[in-house]
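My entries follow in the order in which I looked.

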Amino acid sequence: MIRMLTAFTEEIDDVEVAVSDILGVLDMENCLLANSVGIMHCSSDFTESDVVGAICGRLPFSVVGATTLAAQVPGASSRLGLTLVVLTSGDVKFATGVSAPVEDDMSVPVTDLYGRLTAGLPERPAMLMPFIPFMLNVGGDEFIDKIDELSGGLPAFGTVAISAETDFSNTAVIFDGKFYPASLALIALIGEVNPVFMSVSVDEKNILKQKAVITEMNRNVIERVNDTPALQYLESMGLATNGDVSGLVSMPFVIMLEDGSRLIRACVGATETGGVILCGGAPLNSVLALATLSSEDVVRSTREKVSEALAQAGGRGVLMYSCAARNWALGTKFMAEQEVVDGCIGDSAPYHFVYSGGEIFPAFFADGSVSNQLQNDTMILCIL
């Protein structure tokens, strides 16, 4: 059994006030069980403050997390605040670690981290929680593929760091009070966890009919579509102008694979040579279509999926990551998704709702195998 505790502060300047906001709510003397871990998300403004380090320094357990656009716990939400969720259990154990900085090849840092994380564990972890750095030159799916290889396909649930800056320049992973702009952090859960995973993404009716074939890829960059430079292809459709793809941040790129499955990717920029940068890779010769995502789509799908999760939670805690692109699709009603979450759940279960730069969750197959995915434009949920 895992109990979830939640805390929140908007104090970024006065360290003692921020620490008091968090510790005063957690009531650790009476609420903590034998094993605990913290999950922290905050505005990137906190990277210039001593608050994160001070809070983590006063906690008797490890804290892992990432910067975000906005986060919410019961009764408190903000685009400029800090949230802390504590998972605490008498029987489930937690192991944490952070990698060395990744430059171009993440294989060695991730392999080293996984070895350190699992060394000496009494048994194989039940699941992993990855917190991945936002990097334009390394797609988030490369981290997930490596984690899958090392773990033998353990189910993973987590997020990619994001921030409010238009160039995503101040994103970072959090580990024990410090910010890491180019490192992977992991939580391993060991024991009888019994998680329930859910997700909701692009509706079939919102996928545009015009399709193309990806004819050249370079990691997470689409270089050519239908043998035409990708940026030129988008400009021919009226979706980009003079190299500017900023209008595509909330327009899902739907990658259709040969086995019938789909990858949903967000466009985060363009290269000087006419390539289009995605948050993750896509297979060569896969079919590309674009889709629409309206504020009504976001609100409706969130209400339906959160209500479904609540019916299964039975009072257990719910972790939720929703793509930043879903927030951008809300326009001026940027709090609408968070309002729906709080309205659906109220005080019936503890929860943590966080905006994400990429959503990591497992798909389960009939033969018992697991395939972890990194998607965008998606909301994912984990009941613990």
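Entry 1. I located asparagine 220 in the loop between strand 14 (207–218) and strand 15 (221–225); helices (H or I, at least four residues) and strands (E, at least two) are DSSP runs, numbered from the N terminus. I noted that the model is predicted, that local features need pLDDT of at least 70, that side-chain atom pairs count only at pLDDT 80 or more, and that totals for chains, interfaces and linings use all residues. Residues are numbered from 1 along each chain as its sequence is written, and side-chain values use heavy atoms, with hydrogens and water left out.

I recorded asparagine 220 as buried, because its relative accessibility is 2%; buried means under 20% relative accessible area, exposed over 50%, partly exposed in between (1.4 Å probe, protein chains only). Setting aside neighbours within four places in sequence, I found asparagine 220 in contact with residues including Asn137, Gly139, Ile277 and Gly280, where contact means heavy atoms within 4.5 Å.

Entry 2. I turned to helix 5 (residues 140–151) and found 9 of its 12 residues buried, among them Phe143, Ile144 and Ile147. I saw its buried residues pack against helix 4 (107–118), strand 8 (127–132) and strand 18, among other elements. Just after helix 5, I noted a positive phi of about 75° at glycine 152.

Entry 3. I then examined strand 17 (residues 253–256) and strand 18 (residues 262–265), which run antiparallel and are joined by 4 bridges; strands pair if DSSP finds at least two bridges between them. Isoleucine 255 stands opposite leucine 263 in strand 18. The hairpin of strand 17 and strand 18 has 5 residues between the strands, and in it glycine 260 takes a positive phi near 95°.
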